[in-house]
Amino acid sequence: MGHRRVSAPHRSSLGYRRVRAKRIVPAPRAWQKYEGAPKLLGFLGFKAGMTHCIYIEDKPRSHLVNREVTVAVTCVETPPMVVFGLRGYAKTPYGLKIVGDIRTMELKEELSRRVKSPKKYDFKKTQKNFEKQLEQIVELRAVVHTQPYLTGIGMKTPNIAEIKIGCSDIKEGFEYGMSLLGKEVLIRDVFKTGEFVDSVGVTKGKGFQGPVKRHGVKILQHKSKGTKRGVGSIGPWTPARTMWTIPRYGQMGFHVRTEYNKRVMQIGSDGTQIVPDGGFVKYGIVKNNYVLLKGSIPGTKKRTILLRTPMRKSPQPEKEPQVLFVSTKSQQG
């Protein structure tokens, strides 16, 4: 565009899908390729809010190394997670397909809001059929549900999700999954302090918005014909169609987004040590185990967050940070 007097770079990013999330509980597209002793590769929690902490900077190449640094942290309440099922997937030309599914007979009463237990269910027969399919199974996942009724968010219905069981041998992973069936899993059983995790969540919904708010395009001058809060040209005569790269109006927010490599600053069991005076705004008191993650994560207060083992290389060696202080100052003025 030779007639432009100033540069006009492309507005917004083309690297994200801007569609509404299908489920409030995020389902990641991929899991880490894990080899080692069997373990769960994820955990579900509830976003409580943000505060700040002071810790000793231990990044080797940082110019603030060995000095006190103040950083923002996000608190995620993580009540015990219950494993009530196990699924096996086989690889087909059309993707992964379920070939084995087993569930425990001892279901919690609150889970009946989501799942209806069958009246006639032969657990031993189902287990034998599952074991026969182990040779073609390439991925094992644990079917888990949360316990939001242990928190103070006012939610009774559990959330259900599938979490991959990382293992080198499928038979070992199956034995590990059967040992967890019907039991509670704690956050300490999955992650440890100083480790890096991926945070997957659904962002805050903002409804149907125009291109100015949705993409950040410039508002046209007041003498412009037609519209002011829109794009000056939505495309040429040829090709005679509107290309997908043009910033347009549509859904904004309520998208599934992933934050990579969030450092676990602290894992605790007593929420009173980190909850601000008067509780987190729009959340309240943390009553269960909790995780403090460095930085921010997607989602609103009380939203279900999936913490996953990292898909990318860690930005620094994993070791437990030395946290000196966590702010408990009131957030209500």
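Leucine 292 counts as buried because its relative accessibility is 2%, under the 20% limit for that class. This residue is found in strand S13, which covers residues 290-294. Leucine 292 and arginine 263 are 29 residues apart in sequence, while their C-alpha atoms are 8.5 Å apart in space. The model is a predicted one, and the points below are grouped by topic.

**Overall architecture**

- The secondary structure of the chain consists of 3 helices and 15 strands.
- Taken along the principal axes, the C-alpha atoms fill a box of roughly 75 × 55 × 40 Å.
- The chain has 333 residues, of which 44% count as buried.

**Salt bridges**

- The structure holds 7 salt bridges.
- One of them joins aspartate 101 to arginine 87, with the closest N and O atoms 3.2 Å apart.
- Aspartate 101 lies in strand S5 (residues 95-103) and arginine 87 in strand S4 (residues 81-92), so this pair ties together parts that are 14 residues apart in sequence.
- The two partners fall into separate accessibility classes: aspartate 101 is partly exposed, with a relative accessible area of 31%, whereas arginine 87 is buried, with a relative accessible area of 19%.
- Arginine 141 forms a salt bridge with glutamate 139, and the closest N and O atoms of this pair are 2.6 Å apart.
- Both arginine 141 and glutamate 139 are buried.
- Glutamate 259 and lysine 262 also meet through their side chains in a salt bridge, at 3.9 Å from N to O.
- Glutamate 259 counts as partly exposed because its relative accessibility is 32%, whereas lysine 262, at 10% relative accessibility, counts as buried.
- Salt bridges with shared partners join Arg87, Asp101, Glu139, Arg141 and Glu162 into one network.

**Aromatic pairs**

- The structure holds 2 aromatic pairs.
- Phenylalanine 130 and phenylalanine 174 form a stacked pair, with 5.0 Å from centre to centre and 20° between the planes.
- This pair links distant parts of the chain: phenylalanine 130 belongs to helix H1 (residues 123-132) and phenylalanine 174 to helix H2, 44 residues apart.
- Phenylalanine 130 and phenylalanine 174 are both buried.
- Phenylalanine 208 and tyrosine 249 form a tilted pair, with 5.8 Å from centre to centre and 40° between the planes.
- Distant parts of the chain are linked here as well: phenylalanine 208 is in strand S10 (residues 208-209), and tyrosine 249 is in the loop between helix H3 (211-215) and strand S11 (250-251), 41 residues apart.
- Phenylalanine 208 counts as exposed because its relative accessibility is 62%, whereas tyrosine 249 is partly exposed, with a relative accessible area of 48%.

**Charged surface patches**

- Glu131, Asp169, Glu172 and Glu175 form a negative surface patch.
- Within this group, aspartate 169 is placed in the loop between strand S7 (160-166) and helix H2 (170-180).
- Aspartate 169 counts as partly exposed because its relative accessibility is 33%.
- Lys204, Lys206, Lys213 and Lys282 form a positive surface patch.
- One of these residues, lysine 213, lies in helix H3 and is partly exposed, with a relative accessible area of 46%.

**Backbone geometry**

- Most residues other than glycine have a negative phi, and most peptide bonds are trans.
- The peptide bond from threonine 238 to proline 239 is cis, with omega near 5°.
- Proline 239 lies in the loop between H3 and S11.
- Asparagine 66 has a positive phi, near 65°, and lies in the loop between strand S2 (42-56) and strand S3 (68-77).
- Asparagine 66 is classed as exposed because its relative accessible area is 62%.
- Asparagine 261 likewise has a positive phi, near 55°, but lies in strand S12 (residues 256-268).
- Asparagine 261 is classed as buried because its relative accessible area is 18%.

Note on methods:
Residues numbered from 1 in each chain as written. Predicted model: local features only at pLDDT ≥ 70, side-chain atom pairs only at ≥ 80, totals over all residues. Heavy atoms only, no water. Patch = residues over 30% accessible without salt bridge, like charges linked within 9 Å, V, L, I, M, F, W, Y side chains within 5 Å. Areas by Shrake-Rupley, 256 points an atom, 1.4 Å probe, with all protein chains shown as cover. Salt bridge = Lys/Arg side-chain N within 4 Å of Asp/Glu carboxyl O. Lys, Arg positive; Asp, Glu negative; His and termini not counted. Charge placed at Lys NZ, Arg CZ, Asp CG, Glu CD. Helix = DSSP H or I, 4+ residues; strand = E, 2+ residues; numbered from the N terminus. Buried < 20%, exposed > 50% of the residue type's maximum accessible area, 1.4 Å probe, protein only. Phe/Tyr/Trp six-rings, centres within 6.5 Å; stacked < 30°, edge-to-face > 60°.
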